[in-house]
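Okay, thanks for coming, everyone. Have a look at the sequence and the model on the screen, and then I'll walk you through the packing and the rings.

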Amino acid sequence: MKPNHFGLITSLLLFLTFIVLSLMFQSTIYLYIASVCPILIVPFLPDIRSNQFIKPNQAKGAVRLITMENKDKADSDFLVILFEPGYVRWKRGKLFFNMEDIMKDVYIKPDPLAATMTVLKYDLFLHRRKKNWIGISLTQLEQRTEHLSYTTNEINRLVIRMSDVNELLQRPVNQQATAGQSIGA
């Protein structure tokens, strides 16, 4: 839900008007009306998002989605999500990316300090309403880093097998709903 700026500004002005009126006229009636106004403000407040969406066009180079093809085996194609450390907010719970934002056959510069995390098949799920948006359970990835020599703050690459993504996209709708409920999507 996008915030309705006009409604938010109007309800705030209404609240302030009744507060000022109650002070000017020293009226408890205006004060009672002002105390009800916050109820009118709440529907217009922006929602706090619990999910994070990767949008490479808006990230100004902070994140890239790249497919790497192995010419020997078609089964071993990978999707690499490159991002700057600190870009992913690990406490959000879910990270979504759009399949249409993927770049193909882009050279990735080797980085000896790169910390890579593998995303497994059961970490993936489809977005309930948005087509071609794939979600990654960040809580499951974060739990797996407890046994690694690096932390989530150091991770700057996520690697996903394309066969896992393709399998997820081809799953019937009823199976996706039950799979999403089992991992808490």
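So, what share of the contacts in the protein chain with a separation of 6 or more comes from residues 24 or more positions apart? It's 71%, where contact means heavy atoms within 4.5 Å.

Quick housekeeping. This is a predicted model, so local features need pLDDT of at least 70 and side-chain atom pairs count only at pLDDT 80 or more, while totals for chains, interfaces and linings use all residues. Residues are numbered from 1 along each chain as its sequence is written, and side-chain values use heavy atoms, with hydrogens and water left out.

The protein chain has six helices and nine strands; those are DSSP runs, H or I of at least four residues for helices and E of at least two for strands, numbered from the N terminus. Of its 185 residues, 38% count as buried, and buried here is under 20% relative accessible area, exposed is over 50%, and partly exposed is in between, with a 1.4 Å probe and protein chains only.

Now the inside. The largest nonpolar core has 31 residues, and I81, F97, I136, L158 and I160 touch the most other members. By core I mean buried Ala, Val, Leu, Ile, Met, Phe, Trp, Tyr and Cys residues joined through side-chain atoms within 4.5 Å. Apart from that one lies another core of five residues, including I66, L82, I108 and V159.

On to the rings. There are five aromatic pairs in the structure; Phe, Tyr and Trp rings (the six-membered one for Trp) pair if their centres lie within 6.5 Å, and planes under 30 degrees apart are stacked, over 60 edge-to-face, and the rest tilted. Take F18 and Y30: the centres are 6.1 Å apart and the planes are at 35°, so that pair is tilted. F18 sits in helix α1 and Y30 in helix α2, twelve residues apart. F18 is buried at 17% relative accessible area, whereas Y30 is partly exposed at 27%.

Then there's F96 with F125, centres 5.6 Å apart and planes at 90°, so edge-to-face. F96 is in strand β4 and F125 in strand β7, so the pair ties together parts 29 residues apart in sequence. F96 is buried at 3%, and F125 is buried too, at 6%.

F53, F96, F125 and W133 form one aromatic cluster. And what lies over the face of F53? That's K130, 4.3 Å from the ring centre. The charged end of K130 also sits over the ring of W133, 5.2 Å from its centre. The cut-off there is NZ of Lys or CZ of Arg within 6 Å of the ring centre and within 35 degrees of the ring normal.
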